[in-house]
Amino acid sequence: RPHSLLLVPHTPHTLRPTMSTLQSGFTRSVSSLRGEGVETNKERKTSIICTIGPKVGNKGMLGKLLDQGMNVMRLNFSHGSYEYHGGCVAALREALAERPGKICAIALDTKGPEIRTGKLEGGADVKIEAGAEVVLSTDEAVKPCGTAAKFFVDYKDLPNTLKPGMSVYIDDGLINLEVVQCSADAVTCVALNTGMLGEHKGVNLPGAKVTLPAVSEKDQGDLRFGVEQKVDMIFASFIRTAKQVQDVRAVLGEDGKHIKIFSKIENQEGLDNFDAILAATDGVMVARGDLGIEIPPAKVFVAQKSIIRKCNLAAKPVIVATQMLESMVVNPRPTRAEVSDVGNAIVDGADCVMLSGETAKGKYPLDAVRVMDETAREAESFINNEAISAYMQVKTKKPWSSIESMAFAACNMSFNEDIKMIVVIAGHGEPARLVSKYRPKVPVFVITDTPYVARQAVMSRGLLPILVPEMINVAYLIQMACLAGKSTGVVSSGDKIAALYLEAKSESIDEGTVLRIFGVE
């Protein structure tokens with residue numbers, strides 16, 4: 001909607017009876033962000049993304065995941081039917097309806113241009129021996145009857161993409177093949193290790209320029225389904241160029257123009273073109289599964305740190321994903337290395353951390369979220385936010401926009417002027433993301449009457465969205481923020497808060513945004 005309609009400059013007395021209703025919902029929303037025990041009675045700033053599988057895709061388990069700390073429900077469209085995914089969306093909304101004020105976003109993760117093997121004769125896994133000759137065929141006749149010596153791969157351009165000496169990894173690198181010869185419809189390889197091959201396994205071609213489109217026919221249908229289901233964001237798989245981000249956006253169309261696109265960086269080409277991708281995308285996921293096969297594993301953590309730093313400077317949320325607590329798929333406790341991995345990702349600047357199989361198919365989904373929650377709180381307490389804010393100031397290119405200058409000023413006040421809380425009143429997410437960029441040490445409440453803005457706000461570090469029925473006079477919204485802050489222990493009488501909002505009379509967000517200091521009565 002037009003920025004000029006964001007706030008009403010004068011609130012008639014007839015609106016004042018709604019104040020108690022708004023305040024009640026506001027307080028519940030703030031309370032839902034807090035932990036229950038003494039050790040967790042503090043807002044977690046990093047969001048937790050949970051991948052949903054059949055075991056947890058029901059109202060009961062989704063409600064428990066919400067209570068444990070889930071902020072985003074991820075639906076993996078590499079698996080499952082529309083009926084299943086639609087059921088998960090409905091179940092989450094039912095669970096949320098029983099938790100007034102609780103906010104959880106919904107993410108659709110596309111299948112993307114994956115390359116997979118075909119079926120095997122008899123359906124049973126086959127053993128590929130080290131040193132054996134293996135033929136990868138693009139002939140459809142081979143698709144239903146593969147063997148250890150010859151099986152189907154669903155990428156027609158495979159013989160033209162590969163060259164002798166290149167590597168082919170199958171099933172997350174469990175089988176490593178070296179290309180020997182390419183013909184019209186087949187690639188002959190030699191197996192470099194012994195491994196078991198199953199049906200429909202993923203195929204990676206490190207160093208190769210794959211010609212598959214970023215948005216397949218299946219992806220197009222999935223994206224349209226996502227628009228119908230009113231998802232909040234798309235996790236776009238295997239993004240290699242900035243144009244592919246625009247391809248995804250084009251499919252979302254007018255009805256899905258508000259949906260945020262998070263580009264998954266999963267290969268060397270995506271890394272090579274990252275700066276252009278970052279400029280085009282709304283957010284980024286460091287998808288370490290395929291990335292760790294496409295590039296040497298020792299380089300993944302370097303890529304991760306570089307991507308996080310660039311996203312932080314661009315004020316675009318970044319997710320770290322894959323195998324974060326992998327052992328908890330079968331074990332009740334994570335390894336020490338896994339906990340360190342989560343903590344280090346957060347210290348490096350990740351806005352969100354993601355659970356995959358741990359919640360989708362694992363034996364201990366609730367424990368995995370609890371461990372992630374506890375680890376995030378510990379990591380956040382270790383971070384020197386003031387030093388990070390100063391680094392962001394130095395590294396951000398100038399001149400700045402007025403809105404960025406005010407966002408930085410608000411954060412700076414949290415370090416220098418004992419501000420206890422920052423309130424951002426917003427019709428969209430840009431001002432709040434810029435506040436998040438400079439990592440204030442105090443809670444940042446984002447007040448909005450737009451549901452998708454509230455849900456998308458959870459993707460940025462430290463933003464606590466508050467959804468209100470209507471954007472009445474700014475003075476009332478500030479008053480509600482103060483009262484809710486007092487009721488939950490965030491602020492006390494005599495404290496100061498900073499508020500960032502758009503003046504109703506202005507048409508320009510950059511010219512009309514105001515930063516003011518308020519005292520808590």
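This is a predicted model: local features need pLDDT of at least 70, side-chain atom pairs count only at pLDDT 80 or more; totals for chains, interfaces and linings use all residues.
Let me start with the five-stranded sheet. It is an open sheet with mixed pairing, and the strands come in the order β19-β18-β17-β20-β21. At its edges stand β19, residues 463–467, and β21, residues 513–519; each has a single partner strand, so one side of each is left without a neighbour in the sheet. From one strand to the next, the twist averages 25 degrees.

Within this sheet, I would like to look at one pair of strands in detail. Strand β17, residues 419–425, and strand β18, residues 444–448, pair in the parallel sense, and four bridges connect them.

Helix α15 touches β17, β20 (residues 496–502) and β21, and its direction makes about 20 degrees with that of β21. Helix α16, residues 430–437, lies across β17, β18, β19 and β20, and it runs at about 150 degrees to β17.

How do α15 and α16 pack against each other, and at what angle? The angle is about 45 degrees, with the two axes 8 Å apart, and the helices are therefore oblique to each other. The crossing in which α15 passes α16 is right-handed. On the α15 side the contact is made by I403, E404, A407 and C411, and on the α16 side by E430, P431, L434, V435 and K437. Sorted by class, this contact has six nonpolar and three charged residues, and no polar ones.

Helix α15 has a further partner, which is α14. The axes of α14, residues 385–395, and α15, residues 402–416, come within 10 Å and cross at roughly 150 degrees. With an angle over 145 degrees counting as roughly antiparallel, that makes α14 roughly antiparallel to α15. The crossing of α14 and α15 is left-handed, whereas α15 passes α16 in a right-handed one. Here N385, E386, S389 and Q393 from α14 meet F408, F415 and N416 from α15, and the residues of this contact divide into two nonpolar, four polar and one charged.

Let me turn to another sheet. This is an open sheet of six strands, again with mixed pairing, in the order β6-β5-β9-β8-β7-β11. The edge strands are β6, residues 150–152, and β11, residues 203–204, and each of them pairs on one side only.

Finally, the salt bridges, of which the count comes to 24. The one I would pick out for you is between D373 and R44, where the closest N and O atoms are 2.6 Å apart. Which parts of the chain does this pair tie together? D373 lies in helix α13, residues 365–382, and R44 lies in the loop between α1 (19–31) and β1 (47–51), so the pair ties together parts that are 329 residues apart in sequence.

Notes:
Residues are numbered from 1 along each chain as its sequence is written. Side-chain values use heavy atoms; hydrogens and water are left out. Axes are lines fitted to C-alpha atoms, for helices over the stretch in contact, and angles run from 0 to 180 degrees between N-to-C directions. Helices (H or I, at least four residues) and strands (E, at least two) are DSSP runs, numbered from the N terminus. Angles under 35 degrees count as roughly parallel, over 145 as roughly antiparallel, 65 to 115 as roughly perpendicular and the rest as oblique. A crossing is left-handed if the near helix is turned anticlockwise from the far one by less than a right angle, and right-handed if clockwise. Contact means heavy atoms within 4.5 Å. Ala, Val, Leu, Ile, Met, Phe, Trp, Tyr, Cys and Pro count as nonpolar, Asp, Glu, Lys and Arg as charged, and the others, Gly among them, as polar. Two strands pair if DSSP finds at least two bridges between them. A salt bridge is a side-chain nitrogen of Lys or Arg within 4 Å of a carboxyl oxygen of Asp or Glu.
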